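The sequence and structure are displayed here for reference.

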Amino acid sequence: MTPKSARPRAQKPVFEAQITHGYAWKTLTEIMTNKDIIMHITKSGITIGHENKPHISKDVEVTIIAKCPSSNFEKFKLQSPLSVSFDTQEHNDFVKNIKKKCSLAMSITPLPDEPTVFSGRVFNLAMTTIVPSTKESEPPHRTTCRFTCYQTDMYNWKGPSNKKFFFPVSISASDFSQIKTFNQQAKKIIVTSQRHPNNFISFRVNYGTSKFLEKEFGECMDTYPFLQKDEDGVKWCGDCEQYLEECECGCEICEEYKGVCECVCPCGSGDLFRECECEPNPYTIFSRSYPLAALLKLTKITGTKLDFYEPRDGEGFLKIVFSAVCQETLGQVEVLVKSVDDLPELETKKKKTTGK
C-alpha cells in the first residue's frame, strides 16, 4: 500500500469561471482557425489573442482580439495573472456543439511537475457545458472536455486606437452573412464604404475580367461635396469645376448652394464643411481589397451588428468590431484584416517540364 506522503497531491485550480450563456463564448472563438489561441487572464477579465493562418500570402493577414470583462462572468476566480496557449482545433471541435441554452464552466489546473520539452508550466484546461433539464425530476446534463494548455509570455493583446480610423459603417450580422454565397475561388473581396452623408457599404468579388457579383447596403452619394483645392489652397467644386463663389450646385443635405450651405463637417471639428481644413475629406469613398476567406469566416457571427472602420491613412488594417452576444454580452471582439494591397503575393509554383 502506497503511503499517503508518497501520493501526488491533488492540484487546485488556479483559475475558474462560469458563463451563463455559453453560446456567447462560441460566438467570439469559432472564427479562430489557426494553430493556437492565446488567453491572457487578469483580475479585470480575459483577453484572447489570435493570428489567423494566411489565405493568400505568407504574411499575417488577420488578427483577432477579444476582450471579456470579469464582470460579465457569473463566476470568476483567479489566483494571479496568467497567460496560456492551447490548440484551436481541439477547442473549436468542442465549442461548436454549444447550444443557446447551455451555460459554460471552465477551469485551469496545473499538471504534476514532470520533465517536458516546454519551458513554461503545463496546465489542464477543462471546459464543461451544462444543459438545463426539461423536467424538474432530472438533473442537468454535463459534457466536459479537457485538453492541455501551456504557459506563455504575459503579452496583453492590444489593437490600434480608434483615433487611427474613421467613424464606422455599421451593418447587421444577418445582412453581412449574405456574402457567404460568394465563390471562394475569387480569393479577393473589394469592400467599399462611405460614412457620410449616408451609411453605405458594399462587398464585391470579381470573376475574371468582366463578371462580378456585388452586395450593397445603403446608398452611395458621390456628388456632394467634391470640394477640392487649387495650388493656392482655395476651394473649388469638383462637380461644376467652379470656385465656391460661382458654384451653383446644390447640397444633397440642405439643398442650398454648396458655397453657402450651413452643413457641419462630419470630421468632428464643429466647422462648416466648406470652411473646414480637415484632411482627408470625410465624405471620401473608401475602396480596398481584402482576403475573401477572412471575411467569409465572419459570416458565422449571429445576433449582432458589425462595425467596419477604415484607417485614416488609407493603409494597414480594416477593423471590424462586434459583440459576443447571447441574451447578454460577454465581451467585444476586434478583427483586424490586412488589405491585399499591403500583402506580399504568394509565389505560384510552376510545373517543371522536361524535354523528350
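## Salt bridges

Across the whole of this predicted model, a search identifies three salt bridges. One of them joins the side chains of Lys-75 and Glu-16, with an N to O distance of 3.7 Å. Lys-75 belongs to strand E5 (residues 75-78) and Glu-16 to strand E1 (residues 15-19), so this pair ties together parts that lie 59 residues apart in sequence. Lys-75 is partly exposed, at 32% relative accessibility, and Glu-16 is likewise classed as partly exposed, at 25%.

Arg-288 pairs with Glu-310 in another salt bridge, where the closest N and O atoms are 3.5 Å apart. Here too the pair links distant parts of the chain: Arg-288 sits in strand E16 (residues 286-291), while Glu-310 occupies the loop between strand E17 (305-309) and strand E18 (317-326), 22 residues apart. Arg-288 has a relative accessible area of 9% and is therefore buried; Glu-310, at 4%, also counts as buried. A further salt bridge is formed by Lys-305 and Asp-307, whose closest N and O atoms are 2.9 Å apart. Lys-305 is partly exposed, with a relative accessible area of 41%, whereas Asp-307 counts as buried at 11%.

## Nonpolar core

The largest nonpolar core comprises 69 residues, and those with the most contacts inside it are Trp-25, Ile-108, Phe-203, Leu-295 and Val-335. Strand E18 contributes the largest share of this core, namely five residues.

The surroundings of Trp-25 can be described in detail. Apart from neighbours within four places in sequence, Trp-25 is in contact with Ile-19, Met-39, Ile-48, His-91, Val-95, Leu-104, Met-106, Met-127 and Leu-330.

Val-325 is located in strand E18 and is partly exposed, at 25% relative accessibility. Although Val-325 and Thr-27 are 298 residues apart in sequence, their C-alpha atoms are separated by 7.5 Å in space. When residues up to four places away in sequence are set aside, Val-325 touches Ala-24, Thr-27, Gly-303 and Thr-304.

Lys-338 is part of strand E19 (residues 328-338). Is this lysine, Lys-338, buried or exposed? At 17% relative accessibility, Lys-338 counts as buried, because the category covers values under 20%. With residues up to four places away in sequence excluded, the partners of Lys-338 are Asp-59, Val-60, Glu-61, Tyr-290, Pro-291, Gly-316, Phe-317 and Leu-343.

## Overall composition and surface

The secondary structure of the protein chain consists of four helices and 19 strands. Of its 356 residues, 44% count as buried. Among contacts between residues at least 6 apart in sequence, 62% join residues at least 24 apart. The chain exposes about 20,400 Å², of which carbon and sulfur atoms supply 48%.

Lys-187 has a phi near 70°, a positive value in a residue other than glycine. Lys-187 is placed in the loop between helix H3 (173-176) and strand E11 (188-194), and at 52% relative accessibility this residue counts as exposed.

Glu-241 also has a positive phi, near 60°, and is again a residue other than glycine. Glu-241 lies in the loop between strand E15 (235-237) and E16. Its relative accessibility is 61%, and Glu-241 therefore counts as exposed.

## Model confidence

The protein chain has an average pLDDT of 83, and 87% of the residues score at least 70. Over residues 346-356, pLDDT stays under 50, and for these residues the model has three contacts beyond four places in sequence.

How values were computed. Residues numbered from 1 in each chain as written. Predicted model: local features only at pLDDT ≥ 70, side-chain atom pairs only at ≥ 80, totals over all residues. Heavy atoms only, no water. pLDDT = per-residue confidence, 0-100. Contact = heavy atoms within 4.5 Å. Salt bridge = Lys/Arg side-chain N within 4 Å of Asp/Glu carboxyl O. Helix = DSSP H or I, 4+ residues; strand = E, 2+ residues; numbered from the N terminus. Buried < 20%, exposed > 50% of the residue type's maximum accessible area, 1.4 Å probe, protein only. Core = buried A, V, L, I, M, F, W, Y, C linked by side-chain atoms within 4.5 Å. Areas by Shrake-Rupley, 256 points an atom, 1.4 Å probe, with all protein chains shown as cover.
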